[in-house]
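Here is a short briefing to read alongside the structure. Keep the viewer open and follow the topics one by one.

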Amino acid sequence: MPSIIKSPLFLTILGLTLGLTGYYFFLTDEPVDYNAEIKPIINQKCISCHGGVRQKGGFSLLFRDEALSPTASGKPAIIPGDAKNSEMIRRLYHKDLEERMPYKEEPLSKQEIKLLTRWIDEGAKFETHWAYKSVQPQKIPGGGFFSFFDNDDENDIDLFIDKKLDENNLSRSDMADKQSLLRRASLDIIGIPAPDSIAQKYLSDPSNKAYEHLIDDLLASKYYGERWTSLWMDLARYADTKGYERDYIRSIWRYRDWLIKSFNQDKPYDQFLTEQLAGDLLPNATDEQFIATAFHRNTMTNDEGGTDNEEFRTAAIIDRVNTTWETLMGTSFACVQCHSHPYDPFKHEEYYKFMAYFNNSRDEDTYDDYPLLREFRNKSISQYDSVMTWINLYGNNDLKTYYSRLLKTGQQCINSLLADSMINAALGDTKFLMLRKSSWARMKAISLTNKSTLLIRYGSGNDNGQLTIRLDSTSAKPYLKIKVDKSKGGWSMLEVDLPPGSTGVHDLYLNYENSKLKSKDDNGMRFDWFAFTPSFPGKDQKDFTTYHDLFIQTLNRPDAEFTPIMLDNPADMKRKTYVFERGNWLLKTKQVEAGLPELFVNDKDIQLRNRLGLAQWMTSKTNPLTARTMVNRLWEQLFGQGLVETLEDLGSQGANPTHPELLDHLAYLFMNDDNWSVKKTLKRMVMSATYRQSSKTTGKAKDKDPLNKYYSHAPRVRLSAEQVRDQALAICGALSDKMYGPSVMPYQPDGIWRSPYDGRKWKQSDGEDQYRRAIYTYWKRTSPYPSMISFDGSAREVCATRRIRTNTPLQALTLLNDSTYWDLSVKLAQNLLKDKSLSLEQRIGKGYALATGHPINEQKTKAFQQLYTSSFQKLEKEKEKILGMLSDSVYRKQGKELAAFAVVTNAILNLDEVITKN
Amino acid sequence: MTKEKIQLEAQRTALSYQTRRHFLGKCRTGMGMMAMGSVLDSCNLFSGNNADGSLVSNPLSPRAPHFQGKAKSVIFLHMAGAPSQLEMFDYKPELQKMDGLDCPDSFIQGKKFAFIRGVPKLLGPQASFKQYGQSGLWLSDNLPHFQQVIDDVTILKAVNTDQFNHAPAQLLMHCGTPRLGRPSMGSWVTYGLGSENSNLPGFVVLTSGGRNPDAGKSIWGSGFLPSVYQGVQCRSEGDPVLFLEDPNGFDRDMRKASIEAINNVNELSYNEYKDPEILARISQYEMAFKMQIAVPDVMSIADEPAYIHEMYGTKPGEESFANNVLLARKLVEKGVRFVQLFDWGWDSHGTGEDTALDKGFIGKCLQTDKAVSALLLDLKQRGLLEETLVVWGGEFGRTPMQENRDGKQNSFKGRDHHSEAFSMWMAGGGIKAGFSYGETDPIGYNAIEGKVSVYDVQATILKQLGFDHEQLTYQFQGRPFRLTDVFGKPIDPIIA
């Protein structure tokens, strides 16, 4: 026996090693690790009966104070420091099966019981789950303040990765070749193959900085923003329609464009989030900042006749809460809607406190998606400017703010849909209040304080109607009497001065009479909205009428682009928020104010109780979730899986991080060193040697780590739905460069759109709009673009935090047969046939290289040559087939050669290597 | 490496994973998570990691349910728009006597309706009823053919839902929630059972009536399940399955040659990268090629004998409910697990002739009655009814009151949406024959006996397929989700 074995050092090392693998065999002084050892047992074996949802026997293990409280028996089940006398432990050993826990399940193992016993003896301490602790700077493995790298191609990421590889007796693969890296980095960073200029520069640059320059060029490319926008559109559940039955059009593409610009500018992520969550609340918010808030206006609106707007307004608010947590903070919060979180420390009431941040937004499931930002165009720009100049001249600052907000957003208006207590009146098609002959309706709780004018946007087909408004009772004396004539062009404006001294909050009773209407069922007038405003300034001035008319005109029907935005109710319209019993919006219980879950309330620096305060908390460096969630997502986009696989759930039920220190390291740098720069974080990741490995797998890696969790080689990942399309367009030279603007309709087979009560048709776009990048494709929620759905695109009804990649025959059929891809195959064939000097072999090689970024080898060339020959022979005999394949007369001239070659290019576009990132 | 060798390796790999796999029933928490585009069944929920799994196994390969089910497949006939139970199955002579009277206050106090406002009038049945068969079940004259099969079905007369708008109610019926984002019943079933016929999708959807159902394609979507489990819409016009047909000018030989070339090159790539996903792709291309033959074949009814066309009232080439019903029979015959039919146009508000109970509604009944009855007879004569569960219904029912939209009497006789009680029926697949379950009050407003929820219907369907609806789960957002949310229990009294 060598002497070292006898040495105390050896015994210590042995002890530690064994201790790591399972130290219940040894007595150690290490206290039990709650998160690593106790929480998993509780979550798996106990919590489904003793947790947030069910608390059998009055015992819950979710929070420490609950766990130590008396149970139904009157005594606590856990006595800290005294396992022997703790009922919980006694029950684990119990002989009587009725008494033994887990109830009617396999008993816990001896080791598990020992661990729980030690845990109680050590004081039954609970510990916060890792993801809820703030991010700390990490020590880089093997390095102190200085890291040692084998070569220039490595960075600190590799040290974290290598440590795990070493532990698992694996090693990194060699660097991938230049062409592979070019294609991989291009698809990852800009979503399409690099433009020629960038590609050539890189391939011809022999210096060791060539790769870094490539990355810089790609990050600076305008295509970068489009690629990362496609990711964010899933999180924002972006769509061009409102959802549900009619699924009618919604114009919200300006938000998509805002995303592209923001990514391209590398807007710091904290600012990027703040603008989306609370852009409207920023001081002197710009149009762009308003548009950013459309993030949360991508919730669905239900236009189905007979629906309760409050129900679907509530559904939208709940969606905002869930989306905020799931996509931005990697936490599944939705279950807290009905009961306290079954596994994580969130209480039922906290859901609704959080909901209160969103509950005061102006939108209320109206048909028009109010409130809308109006971006004036043409004549309306100068009209708006003139009106505002007038108000500047004759009004004060408050009026300036008021009128600018009113003209730009149509707020604060009271939607007529809030009317109730109707007699012979109705909410027409649940879109607007309709008054008939001798009818009544009530508008509840309207504040008249400091208001002097009433504006009504109305429509009527009749002259000489009489609208009478009474305060608080149908029998009160008339408060306002308004003559109502026919409206012009759908909606007109009525304006009436309020009696002087109007003040207080009142119910308004509206009564419409018109002697010309014959039947009581005849429609009298309809209302869009009411606005109670201060007086339009400059009453005594000469041009008052001109400017006042201009104001009314601009308010009523401006020439503008309308985008749904977030805007809060003014103080006198503030909504109350209640806890919903079991998540049922009709069962309102306790009233709550906006606030964060208790777990986070130590963040004292957050004062504001509105969305802006929320955004500040979410983007503060002490928030444990925001940065981790984002770097995890960026990692997933590059490496095919997250450092925490469950991007949507970093909580105790999500997957464990494969590299916890690396995750925290990246999150820390993201917030601090990189000042929330997404581009810098991406660059850090793609500059690592881990990213630059070859994707070829060795037998050893396949056996030991089939899912490549330790990154012993680069992942091979099928391209996203968007990348599949965009890449094909680029390979075939058809990709349009056009950025921004309303969504387009590329080819789609007939008969896909068939929504009830919606006669709209898919109208194929012209010219280059056929060949725009996928993110510009018109997205109808109930009937999304089929080929993108085949490739696991998300329908975007709700946020999709993670796409699960599948591999199906429908994908094969799409690439083989969809006219879009056949059209592109012909285009590619035509391009390759242009140079008459090339041989068939060379053409095949060129097509393959365009599609894969690699030179072809002999065997593959042979396979395509055979395909060409057999197709050519076939087509030579059956000329009518060619006419079917090539529609354009120009192509017919090239005839069978082109047709046969298009069969080859079609096959190339279908290759695994082409639709996979290698 | 030859192709055979590759296939052999793929099988071996699959098998080596298979042994480590946990199947339904053996695993307390049901099926686990999916990742990386491949099926990774894992019960290892507490770590959340997917250590087990196969990279090359087919997510649609057939699987055993929790226990031996009585039904192998389901045909769900959904009359989108919600047909009136009061003119079909739920005979209410008392309501006839009260026709034209104001609806008693107790029925409308505190209730919400989609369109009825104020005090509506009661509306007697707009059809005459008779008892049929040995079971003596009541049936209206709107369904002249259904009497032949009345002794084969169980009618549920007191189904209750909590949604009274179409899209949310349809979502509830098929996805177990009125909101979007959850998998549909067919997806759950395909996830649980896989597909028996590898040349056909496991879950097929057929629509008629000129429109998609109100809830859109999400009611056959896969929600958070992998998209491989979503329903595949088969169409009677254009490609039966989208992109199934080769581009013009291709013939089978050319397609065969091109898929061979693709797969040959993919094999070469596999030798290079050793990525099992490439093997999966090779088999998907082979399957696509087979589907191109199998689907048009099963989707064509032209070869059916004349007596079958006579029986169903089918005419090859047109988009009709009857054609879809016949296709449904062909699909289950070929091993498709879940066939979902939607027929649009049942929303009988009485706002126009086509939605009047005494006009358009009768038309809808006649369009469908013959084919539905033929389906049961045909399944029976083929010995398939025992193993095929046929379900019929809408997303809710209709009010015993005549609709007075926005407080005005509608111009035609119609009824508003009604969630308290409505009729559905089930047949075959181990369900009692010639049986009625549940009762409504004398005017057909409330369930007074045998009230069942939409979740109960779902739990029953799953049970007949061999699933405990509480155990067919999928781990998502940190918790196991299931079709029936936290509700539902199988309707045991109707199970034979």
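Two residues count as in contact if their C-beta atoms, placed from the backbone, lie within 7 Å. With that cut-off in hand, the buried residues of α22(A) pack against α6 (156–167), α7 (178–189), α9 (210–220), α12 (269–278), α20 and α21 (660–671) of chain A. Please bear in mind that this is a predicted model.

**The helix α22 of chain A**

- The buried residues of α22(A) are Val678(A), Lys679(A), Thr681(A), Leu682(A), Arg684(A), Met685(A) and Val686(A).
- Seven of the ten residues in α22(A) are therefore buried, and the rest of the structure largely encloses this helix.

**Domains of chain A**

- The domain assignment divides chain A into domain 1 (31–127), domain 2 (129–172 + 627–711), domain 3 (178–221), domain 4 (233–369 + 572–618), domain 5 (412–544) and domain 6 (817–917).
- Between the C-alpha centres of domain 2 and domain 4 of chain A there is a distance of 31 Å.

**Where domain 2 meets domain 4 in chain A**

- Here 18 residues of domain 2 of chain A are in contact with 13 residues of domain 4 of chain A.
- On the domain 2 side, the elements giving two or more residues are α20 (626–639) and α22 (678–687) of chain A.
- Of these, α20(A) provides the largest share of that side, with four residues.
- By class, the side of domain 2 that touches domain 4 in chain A holds six nonpolar, eight polar and four charged residues.

**Where chain B meets chain A**

- Across this interface, 75 residues of chain B are in contact with 89 residues of chain A.
- On the chain B side, at least two residues each come from α4 (166–175), α6 (252–273) and α7 (276–298) of chain B.
- The largest share of the chain B side that touches chain A is that of α6(B), at 13 residues.
- The side of chain B that touches chain A comprises 30 nonpolar, 25 polar and 20 charged residues.

**Chain B as a whole**

- Chain B contains eleven helices and 17 strands.
- Of the 496 residues in chain B, 63% are buried.
- Taking the contacts in chain B between residues at least 6 apart in sequence, 73% link residues at least 24 apart.

Note on methods:
Residues are numbered from 1 along each chain as its sequence is written. Chains are lettered from A and ligands numbered from 1 in the order in which they are written. This is a predicted model: local features need pLDDT of at least 70, side-chain atom pairs count only at pLDDT 80 or more; totals for chains, interfaces and linings use all residues. Domain bounds come from an automatic or database domain assignment. Ala, Val, Leu, Ile, Met, Phe, Trp, Tyr, Cys and Pro count as nonpolar, Asp, Glu, Lys and Arg as charged, and the others, Gly among them, as polar. A residue is buried if 20 or more other C-beta atoms lie within 10 Å of its own, exposed if 12 or fewer, and partly exposed in between; C-beta atoms are placed from the backbone.
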